[in-house]
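Biologist: Hey, can you walk me through this one? I'd like to start with the strands.

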Amino acid sequence: MNRRTALAGVLTLTTGLTLAGCSSSSDRPELKVIGAFMPQPVNDMAAGFLVVQNHGTGADRLTSVTSPLSDDVTIHETKNQVMRKVTSFDVPAGGELDLERGGSHIMFAKLKQQPKQGQKVSVELHFEKAGAVKVDLPVKETTHNPKKQ
């Protein structure tokens, strides 16, 4: 009886751990992009800013950005007033990724055209788990900064 009881306990524990593992794999990001904009560029480079909110229970990662405006779109972070290209940004579960002036941002180089204030620039944000998310960046005046208003 002790051997059967022990075996039943081990099976119950193993099944419980297996199911717990399955439930954590269902943690999914639920992404929403807000506050997107691009200041009107003054040369052949531009920057894009936005906030990615994650209302899901799983984290995600922004791995790249593409756009018909440029074949050279990268993501950058600014720390200690030094800008550098990065390969990805984390989007924490229940948190957000804030791409803002003076901080992390999207960088467009070698623009194919000069977008003007009032137009929109299409981008596709590529996430590790959520896949591609299409966003339009409204082109604002060159000095636009929603954090300062």
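**Strands, a core and a histidine**

Modeller: Proline 39 stands opposite lysine 140 in E10. Keep in mind that this is a predicted model, where local features need pLDDT of at least 70, side-chain atom pairs count only at pLDDT 80 or more, and totals for chains, interfaces and linings use all residues. Residues are numbered from 1 along each chain as its sequence is written, and side-chain values use heavy atoms, with hydrogens and water left out.

Biologist: Okay, how many bridges join E1 to E10?

Modeller: Two, between E1 (residues 31-39) and E10 (residues 131-140), and these strands run parallel. Strands (E, at least two residues) are DSSP runs, numbered from the N terminus, and two of them pair if DSSP finds at least two bridges between them.

Biologist: And which way do E9 and E10 pair?

Modeller: Antiparallel, over eight bridges. A hairpin of three residues links E9 to E10, and glutamate 124 sits opposite lysine 134 in E10.

Biologist: New topic: how many residues has the largest nonpolar core?

Modeller: It has 25, and Leu62, Ile106, Phe108, Leu125 and Leu137 have the most contacts inside it. Strand E9 (residues 120-127) gives the largest share, four residues. Such a core is a set of buried Ala, Val, Leu, Ile, Met, Phe, Trp, Tyr and Cys residues joined through side-chain atoms within 4.5 Å.

Biologist: Is histidine 76 buried or exposed?

Modeller: Buried, because its relative accessible area is 9%, and buried means under 20%, with exposed over 50% and partly exposed in between (1.4 Å probe, protein chains only). Histidine 76 lies in strand E4 (residues 72-79).
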